[in-house]
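Please read them with the sequence and the coordinates open.

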Amino acid sequence: MAARLEITLKPELFDAEGESILRKASDYFNFSLQKVRVIHVLTIDARLGKDELEAIRREIFTNPVTQLSSYEPVARDFDWIIWVGFRPGVRDTAGSVAMEAITDYLDYSFSDDEAVYTSKIYQINAPELTREDVEQIAKELLANDTIQQWKIFPRAKWDEKNGIGIIIPRVILNREPTVTVFPLESDEELARLSAERNLALHPNDIPVIRKYFLDPEVRESRKKVGLFYPTDVELEYISQARSDHCNHNTFRGKFHYSDLSTGEKVVVDNLFKTCIEKPTLELQKKKDWVISVLWDNAGVAKFDDENNYVITGETHNSPSNIEAYGGALTGIVGVYRDPMGTGKGAKLIAGMYGYCVGPRDYDGDLKPRLHPRRLLDGIIEGVRDGGNKSGIPTPFGNLLFHPSYLGKCLVYVTAVGIMPATIHGKPSHEKTTSDGDLIVMCGGRVGKDGIHGVTASSEIYSEHTPAGHVQIGDPYTQKKMHDFLLEARDEGLIEFITDNGGGGLSSSVGESARFSGGAYVELDRVPLKYEGLDQWEIWVSESQERMTVAVKPENWERFKTLSKKHAVESTVIGKYTSNGKLHITYEGKTCAYIDIDFLQAGFPQWEFEAEWKSPEQRGLSEPVLSTPSDFRKLFHEFLSSPNICSREWITRQYDHEVQGTSVIKHLGGRRRDVPNDAAVLCPILGSTRGLALTQAINPTYSAIDTYWMIAATIDEAVRRLIAVGAQFDKIGGVDNFCWPNIQYDPINNPDGKYKAAQLVRANWALRDICEAYEIPLLSGKDSMYIDGNLPGRYGEKHKVSGLPAMQFTASGIVKDVRLCQTMDFKKEGEAIYVLGNTGDELGGSEYYCFLGYTGLNVPKLDPQQTIPLYRALQAAMEEKLVTSCKSINRGGLGVSIALAAFAGEVGAELDLGRVPTNESLTSEKILFSESCGRFIVTVSRDKRGEFESLMADLPVSLVGQTLKSRRVLRILDKTGKLILNEPLENLKHSWKKPFARLG
Amino acid sequence: MERVKALILTGYGLNCDWETAYAFEKAGADARRVHVNSLLWGEEDLENYHIFVFDGGFSFGDDHGAGVILAMKIKHHLGGAFNRFLDDGKLVIGICNGFQVLVNMGLLPGFEEEPGKRKVALTWNDCGNFRDQWVNLVVNKQSPCVFTSGIEKIELPVRHGEGKFYAPQDVIDTLVERNQVVIQYATSDFTPAKGRFPENPNGSLGDIAGICDSTGRIFGLMPHPEAYNHWTNHPDWTRVKQNGKREDPFGDPEAPGLKIFRNAVEYCENNLL
């Protein structure tokens, strides 16, 4: 008999969660609620007696100081009740921890049909609200229908005795696992079946697949194991491996590029090979610190003589767009498995984020599934819980608002790890599987999570149908696994390790089996969350928190013992072989038998038409604008604009200091509330060597030319690293592309050829700039299809394609963290220098966007100009000549100097006539141009000579000084006229105001 | 010479074990990271240690109240051994999640008239969010706490979602009366914050950031001294450095966070070895 335990805070205690819902209801919908109290519900579906239930209520689940609890309804004096619980099959970590605790306390063992489920009751006082209003709160604030269910009770309909009743979201599938075979009558027939089953086989691949299975030799060998036609397990395996996500078919495609303005035509065969792989491998030959790139789950670079760092980045756009919290949480927790699965496994030392969403206050006609406000809140919270609960600092991140991301949001997540260079005398970045090694699955169990939907007919919806497709990451389970695997690694028990992400076992086993040359898997040994999964589902399920590990049979006992100690489930599901086959069985019967090298064999390359039109051909021009007469008002409103203003409310929610390694924090300055250019960590405690990390993203430049968007973005990341004190020669990069669909279609994607050309140009820039700056691409990923179809006012759907974007993550070695610098002005009476030329480059700038323009003159990077400057600045910092250093980024010199001044609470005077420029520029252009390669630096009076001699022959000028006693920003135009003289406090207030109440 | 041994708990979502072990090592202890199960299964004997450390993290995911499940587990399986450890005059420190564990075990405040009873709680921050920031802390010189001896004020980071110290007024009065309030959130001039946000980052009653038991040998605090293990951890170090001439801008021979650990090690050297 199930029991429902309700736990709530004592009435005299402040309910912070309730209060935050109250605030959001007002913020999102303008509803005024009087009071919200939250009741936590545990539905205990187990054969426990009254005394046992009472014991666990009292001893485990109720804090006598703060809480009240009862097996009777506890809600009193309310107008509405909203109950929200998970749909069946959704990961309920709190429920499983409750089971763990009950097991421990009562020595009770739960049988397979018993469980504990958590849910929440929101008790709302708001007499004015209608049922529709309450529905809206439930649907758009408290619950997400992809993973949750809810019920609403008005006061009048409340059952005092039974409350919400007993709701048990148990998965019951009631079906026998079945393998389906696919006849091979014709290409068309296979294509039809593929579509019907949502297999997503590419039409071009179908003849290759048919040819393989019809090959007489193949048929002969398959016959011996009882197979004839391909099974769904096999086709799912092929489909997963050939997917754009796993195989990067777009980047490996052939592009027929023509430049319509010059008539030039060129065929680009494989962007990945020519623009990413080749330059990086060449740099690897030159730079001995590049340890392992381009093949493993993450890149490996040398940190110091004993340690290597590991870095990679991912995106999790589509899932976050559907379920913001769960999608983002799964994203960050998922990317953390990449360093864990790199080489023999790395310890995680940092995570970072980048979000691109629609305007937070969007009130236009389009109806995105989740309003950007709710979407962003959910994403922020998902990454927060994923990072904080993993015990991994989140020291840096980005946020950009742009209406083009209403169609689909971008959620970038980056993971950094560290590992000893050698383990048991062997390089830790090397790994392989060998004939006879056991295939071990560690971590969570397998359910329908992340499995694409099959046809509606094969699954009838019921209240016990699992909410597949969407996953919720579980950092707690993964943290246990992380600690366990590091211990196993250090004991030398791991031969090979990789994570189960996209494609699940299909990818992890399929890829690791290529090393040994085969694998034998018994799917019936895979531990399941619930019965009734088909074989193919077990094989491709993306249930989270799992790693696949190769363990030598003689090490299995020890591996298992450690696994048990860490409360992690590890199961042998098969063994690696060398017979060239991927052989999968279920209860002794073969359900897949396929050549392991089949995927390498002759699949056709994807092809794209790419047509470039120059910005001028597209009709872009510079706006006709005169110099503003009210710079004061402009500064205040510009500093308050969404892409410039403070994001402290996000930064503070992220634990950026766990592990005790923090040297330069995301926020700095006198009040510790202004962002630094990069974060610096000391990952090896006791050492003063540091790792600087930063990210940049500038999609608005894509509206003009993606070549320069990429160039400017890489440069921004580099100059951010230089600004804190990283070494120019030891910078590694991670490129994360997010692009709209580039496949031309006259109806659905009429500008597909242009978008394809944008991608080609972006890759050319990536190649050119990385070659010039000698930045190896340690890792990178691409995420295509950042498009959405949004309903408008009249039921018509609008396709919204996101601006092409690349987030560039840069990592750099800091020789001695004690020489690092921050952006804030430190002292009165110091010289302020601007380094680097300012040009008439406001195309795509924040200033133009702010005034409603795109412009034409996008910032153009010239590495020959910037490299000598970066080296000179690095030398100046090493010589301790610099007292603050800020790279000039979004918003230009005007914003950057304001930030540096109010961060330090030190007044500053800036003479625009002395700023180094390429040509004669108006005041607003000097202030808001976003030319690359520039810094603001302060130098104390006694070091000026030394500094200036280091900077000789470079575009560096003394532009003003920090002021004695007056905490103002003074700006003089070229004629010496004072165009701004504003207290820093006021400027800072404007900058902090927009999101202040969210903190 | 025999060294003081510190047991740093690991496993089940705890996550400050590495830096806490490092801090204890720097302070002169022999620090061992020990998995919860190694203790419960008897692979490690409490008796061999002088200091027991409940470090920070999210034990058991914190889903049923921070520190609740770990407290239950330790009390349920290790109660006897733990009591012997305390009876031997040894030291216990709980940091962040560890503080939450100590109050849920009833070891803090540990009033003699009601031993083992839960009298105080650490509940959700008033601001409604997890929060990472540095705080100023003023130390009660009258407190018997051995960990803070000789320290008058200190700056440390807090990083938590459930750090609001809550207890009925009479309990708070007793804590104050008995000098069991060890550290309080303070303003920039190191006077108690009087509840003002963000100086008091979570709404803790009485600005209480850490308390000890009546002996001063059990100490729990929300801030993280182990995360101030080097002067470059301090958020202002580049500013302070610029304004002075020293290589080490704060002029401390060791990072202030480490003093708390050194006090513990020295106490054990003097009393337990």
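Predicted model: local features only at pLDDT ≥ 70, side-chain atom pairs only at ≥ 80, totals over all residues.

1. Chain B contains seven helices and 11 strands. Its C-alpha trace extends over about 55 × 45 × 35 Å along the principal axes.

2. How does the radius of gyration of chain B agree with that of a compact globule? For 273 residues the globule value would be near 19 Å, and chain B has 18 Å, so the two agree.

3. Of its 273 residues, 63% count as buried. Among the contacts in chain B with a separation of 6 or more, 77% are between residues 24 or more positions apart.

4. In chain A, the domain assignment gives domain 1 as 3–157 and domain 2 as 822–999. The C-alpha centres of these two domains of chain A are 52 Å apart.

5. Helix H12 of chain A covers residues 324–340, and helix H14 of chain A covers residues 475–490. Their axes come within 11 Å and cross at roughly 5°. Angles under 35 degrees count as roughly parallel, and H12(A) and H14(A) are therefore roughly parallel to each other.

6. Which residues make this helix contact? From H12(A) they are A:Val333, A:Tyr336 and A:Met340; from H14(A) they are A:Pro475, A:Gln478, A:His482 and A:Leu485. By class, the contact of H12(A) with H14(A) has five nonpolar and two polar residues, and no charged ones.

Definitions and conventions:
Residues numbered from 1 in each chain as written. Chains lettered and ligands numbered in written order. Helix = DSSP H or I, 4+ residues; strand = E, 2+ residues; numbered from the N terminus. Rg over C-alpha atoms; globule rule 2.2 N^0.38 Å. Buried ≥ 20, exposed ≤ 12 C-beta atoms within 10 Å, placed from the backbone. Contact = placed C-beta atoms within 7 Å. Domains from an automatic or database assignment. Axes fitted to C-alpha atoms, helices over the stretch in contact; angles between N-to-C directions. Parallel < 35°, antiparallel > 145°, perpendicular 65-115°, else oblique. Nonpolar A, V, L, I, M, F, W, Y, C, P; charged D, E, K, R; others polar.
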